[in-house]
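Subject: Structure handover

Hello,

The structure is below, followed by notes on what was found in it. Please read the notes with the model open.

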Amino acid sequence: MEADPDHLRERDMEDIDAKRYVESLIELHATVVMINTSGIIASYPTALPFHTQSAYLHGDDLATIIAACHEADIKVIARTDFSKVRRPLFEQHPEWAYRRRDGEIVDEHGDVHVCVLSEYQQDCAPRIVEETITVLDVDGIFFNMAGFQTFDYRGVDHGICHCGGCVRGFRAMSGADLPEVVDIDDSVSRRYLEFQRQTLRDAKRRLDELIRRLRPDLAIDRPSDDLGGFVRQESNTALDRALPEWHYSASSNTKWVVSSLPRTVSSNSAVDFVDYPVRHVAVSPHRQRLRLAQSLASGGGLDYYVIGRLDGRADRSGIAAVREIFGFHAAHEDDYRALRSCASIALLTGPHGNREEFMGWFRLLAEQHFLFDVLTVDAIDDERTARYRALVLPDLQPLSDSVAERLDRFVGGGGTLVASGRPGFRTDALDPRDGTALACLGLERIEAIREARGAYLQLDEREGFPRMHDTDLVFLDGIYVDARYHPAAQPLLRLIPPGPFGPPERCVLPSPTGEPGLVVNPFGAGRALYLPWLCGALVHRHGHANTSSFLADVLEHHAGLEPVGGNLSPMVEVTLLERPNGSRLLHLVNGSGHAGVGYVEPVTMHGVEVVVPYDGEPADVVGLVSGRKLDWSAANGGLTVRVPELRAFEAIRIASGQERS
């Protein structure tokens, strides 16, 4: 799906011309457009008294615009937003409002936040959806800012909603008052999170059932059934976002959707603007190009998010780069149909996971050139995990008993699990366990979870750690899990506890203990590797070779996983996708333009070689971006491809012998 979500403002409808509007989309090679239709403002003539009518409908109407889009083979997604209502509607129904703990509302320029449990969201919103999809000939529907929203557009968190509906609903479910703040170590907070989950699940299911009944042809945003739709996310920036910069936003967003929801389109939006307060200035075009290339390389669609009409932008600096990538995809659309990842590793993620630990493992796998997918724990089943040789579980504490059983079956059947931190130390309801739900890890008893700042791991054995030949130590930070293990488990490395680190006269290493830094546990026909510390978070926050080289050795020499070969820079992201006819798409995404906190034109790389798994010989190897045939050689189950020049990215079509015949 190529999309150009125009978040049309009210005033954009004052003089909009359908013909010119569609021409601007065609110039960008867009095949799908998202247009504001409903919710805060009705962008079409509405018959509903609780749907605030726009006062600017003087240009071509939405029906005309949609018809013009369809004539140009452009599909239209209806954008809705039920998180707020205009002030006059709130004054008629003050009971609909989100309420802070002190009873005050949140009013942003006359848009008043409303609660998920209000009559407006529970009863009025479905009626607005019904009107929207029956009056307008749209092709899909998107729900903006769905859920329990507590933040305003300035980034201020106003806390848990204390409206009458929330107070009564939570008390009926739990018998308790609402917690002051959400803290997963507090039992009332855990029940509140479950209350939120059930409320949203039930409301979404009812809404999706309504849409399926009225318009079974519509693509639905995050459908609650298994009938397909799309998941729209964003790669964006923010003025106050904490560093480090997350270089792989588009890749990670796309990978989990493609791998976990194969019937659902990943539509990760490259956001044009800097932040909410700076919506009229674009980010670097090189950042936009990188985001879109990452989405394509990970098997997703293209999505570009701009405020207002394309023909009225004050800052047009990013559009050329977007047009370039959209045009490339349009020219090679057949090559991007029905793609499936060739990865043999899956990085697991899930709700309430340790985001820093996940991002560190993602970065490690990408920069060390392991081919990998991202899989949500909710999507784990025996058939899906059978595709992989190894699963990586990064400090994901909440695991249900059923998911833990599936992971144990995967390992018992011959797979490899690499886990870090506190995997399975909580139930899926976030209640703490005494230990872990995973039998394969070989943890018999948790003694303590300690602070590890200033601690080290002693590398006593060199075998299996060739990248660490010039150091005897691996440094720790964060937590360390002190545990007792099954007798068959093999402990590696020895913990050196924190010692004096100042003044310099007292900086002497304490003696190592018997506590391990890596445990390898045989389990059935497979094995589990457990790192009882937060190694991924260190890669994400600091990226020192001391951590990343150690973990690369763990994956390659202890888990038995092979990275892609060749002479690739760590700043080149590599993916390998396959079509049903046997042809493959090898992507090389050049991330060398990531300069500190900004993005500049990536450095052109020359004489690039990459070696990927491949049986036999291909019929042809062509660089789709450069338009040239590439030199290659095949031997010993590997295909070496030589790329004379790598600019922003290259997509290499490896044609199978089946295509030639």
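In what follows, Ala, Val, Leu, Ile, Met, Phe, Trp, Tyr, Cys and Pro count as nonpolar, Asp, Glu, Lys and Arg as charged, and the others, Gly among them, as polar. This is a predicted model, in which local features need pLDDT of at least 70 and side-chain atom pairs count only at pLDDT 80 or more, while totals for chains, interfaces and linings use all residues. Residues are numbered from 1 along each chain as its sequence is written, and side-chain values use heavy atoms, with hydrogens and water left out.

Cavities

The structure holds 7 cavities of 30 Å³ or more. A cavity here is a set of points, on a 1 Å grid over the protein atoms alone, where a 1.4 Å probe fits but cannot get out; a pocket is an open set with protein on both sides within 12 Å along at least five of seven lines, and lining residues have an atom within 4 Å of a point. Grid points are joined across faces, edges and corners, and a volume is the space filled by probe spheres set on the points. Helices (H or I, at least four residues) and strands (E, at least two) are DSSP runs numbered from the N terminus.

The largest cavity has about 110 Å³ of space. It is lined by 16 residues, and nearest its centre lie Lys 255, Ser 341, Phe 372, Asp 373 and Leu 577. Helix H7, strand S17 (372-376) and strand S29 each supply at least two lining residues, with S29 giving the most, 4 residues. By class, the lining of the largest cavity has 10 nonpolar, 4 polar and 2 charged residues.

The second largest cavity has about 80 Å³ of space. Of its 13 lining residues, the closest to the centre are His 286, Leu 290, Asn 590, Pro 602 and Ala 648. H8 and S30 are the elements that give two or more residues to this lining, and H8 gives the most, with 4 residues. The lining of the second largest cavity divides into 7 nonpolar, 5 polar and 1 charged.

The second largest pocket

This pocket has about 810 Å³ of space. It is lined by 28 residues, and Val 258, Pro 262, Gly 299, Ala 338 and Leu 339 are the closest to its centre. Two or more lining residues come from each of helix H7 (249-260), strand S11 (264-271), strand S15 (340-341) and helix H11 (382-385). The lining residues of the second largest pocket divide into 9 nonpolar, 9 polar and 10 charged.

An open, antiparallel sheet is formed by 6 strands in the order S15-S29-S30-S38-S34-S35; two strands pair if DSSP finds at least two bridges between them. S15 and strand S35 (628-629) stand at the edges with a single partner strand each, so one side of each is left without a neighbour in the sheet. Strand S34 (residues 620-623) is joined to S35 by 2 bridges, and Gly 623 has Arg 628 in S35 as its bridge partner.

Helix H8 (residues 285-297) lies across strand S29 (572-578), strand S30 (584-590) and strand S38 (649-655), running at about 155° to S30. Axes are lines fitted to C-alpha atoms, for helices over the stretch in contact (heavy atoms within 4.5 Å), and angles run from 0 to 180 degrees between N-to-C directions.

Arg 289 is found in helix H8. Arg 289 counts as buried because its relative accessibility is 15%, where buried means under 20% relative accessible area, exposed over 50% and partly exposed in between (1.4 Å probe, protein chains only). Leaving aside neighbours within four places in sequence, Arg 289 is in contact with Ala 321, Glu 324, Ile 325 and Ala 648.

Regards
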